[in-house]
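Q: I am new to this structure. Please take me through the sheet and the helices packed on it, in one close look.

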Amino acid sequence: MIDILIEGWMNQTTLRLVGGLVLASLILYLLVVAVAYTFQREMVFPRRFVNALPFAAMVGPDFERVTLETADGERLKGYFKPPSEGAPMIVAFHGNGSVPEPQAVRFGSAPWADAGFGVLSFAYRGYPGSTGTPSEEGLLLDAEAAIAYAQSHAPGSRLVFIGHSLGTGVAVAMSERYPSQALVLEAPFSSLPDVVAATMPFLPGQLVRDTFFSSRRIAGSRADTIVIVHGERDTVVPAFLGRRLFAVAPHGVFMSVEDADHLNLRGMRDPEILDLVINGYPPEPTPQSEPVGSPDPLETGAV
């Protein structure tokens, strides 16, 4: 009888302990979700951790320092280099942890400069040198202001939208609204909820406020040429998200870069990209025109 009582007491104690651990784990999880939800825009737009000072001297005298004024009254720092007569005009959209200077230098140099391309690179609202607070709606207003400036200062040039990482979400949205010679996307994603599901599956992606649903917008792209470039070693935005976006694009070329990650991808394929932007798609399909790689883990349930 005593053995039965002791065993029952131990079972109750174990149940209470397990129940307490489950409850504590649930409370901790809800706390993590609450913190992530509250500070999500600090994670999506980490502009407070971006230091623009090391890049301030990068941009040469062939660029004009400009200020873009948005429809809702924000003032954005930008760098403008006019194109040669009849050459295209690049509007560049940087990533969430970046600044406009590296893009200005990149697209203001060979091989782009040799082909006469102009470039406008600017800092989103809230980023160093620009006023305001970032959000998806706000960044699209910023892009509208940049396009208006490019059109007014290079009226004879066709537009080329180039974005990296978060900037691809902005570029795709503008490609849906404006005709362009090309849309170039480096390390793009299908949507920010998909990025959360792929990289932080413990968080509910449905709570993301700024969704940047590029997979819905790209179907309406008005670009003559679409180029998607993704590094196979990218752990920030996994390459299968670029393939997912490519799968719903109306047309395009997918470039898989085997030895590239999220950051060193930028510029690695510029000669090939430039050729596509200028000459359009090759007459015959190439291996780069099909996305290769492992199956989509979000669809197979691997994530």
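A: Two strands pair if DSSP finds at least two bridges between them. Helices (H or I, at least four residues) and strands (E, at least two) are DSSP runs, numbered from the N terminus. This is a predicted model, where local features need pLDDT of at least 70, side-chain atom pairs count only at pLDDT 80 or more, and totals for chains, interfaces and linings use all residues. Residues are numbered from 1 along each chain as its sequence is written, and side-chain values use heavy atoms, with hydrogens and water left out.

Start at one end of the sheet. Ile228 stands opposite Phe254 in S8. Strand S7 (residues 223-231) pairs with S8 in the parallel sense, over 5 bridges. Of the 5 residues of S8 (residues 253-257), 4 are buried, so the rest of the structure largely encloses this strand. Buried means under 20% relative accessible area, exposed over 50%, partly exposed in between (1.4 Å probe, protein chains only).

Now the whole sheet. It is open, has 8 strands and mixed pairing, and runs in the order S1-S2-S4-S3-S5-S6-S7-S8. Strand S1 (64-69) and S8 stand at the edges with a single partner strand each, so one side of each lacks a neighbour in the sheet. From one strand to the next, the twist averages 20 degrees. Axes are lines fitted to C-alpha atoms, for helices over the stretch in contact, and angles run from 0 to 180 degrees between N-to-C directions. Strand S2 (residues 75-81) and strand S4 (residues 118-122) pair in the antiparallel sense over 4 bridges. There, Gly78 has Phe122 in S4 as its bridge partner.

Next, the helices. H4 packs on the sheet, and its direction makes about 155 degrees with that of S4. H5 lies across S3, S5, S6 and S7, at about 150 degrees to S5. Helix H4 (residues 136-153) and helix H5 (residues 166-177) pack at about 60 degrees, with axes 10 Å apart. H5 is mostly covered, with 10 of its 12 residues buried. Among them are Leu166, Val170 and Met174.

Leu183 is found in strand S6 (residues 180-186). At 0% relative accessibility, Leu183 counts as buried. Leaving aside neighbours within four places in sequence, its contacts (heavy atoms within 4.5 Å) include Ala171, Val172, Ser175 and Thr225. Leu183 and Thr225 are 42 residues apart in sequence, but 6.3 Å apart in space, C-alpha to C-alpha.
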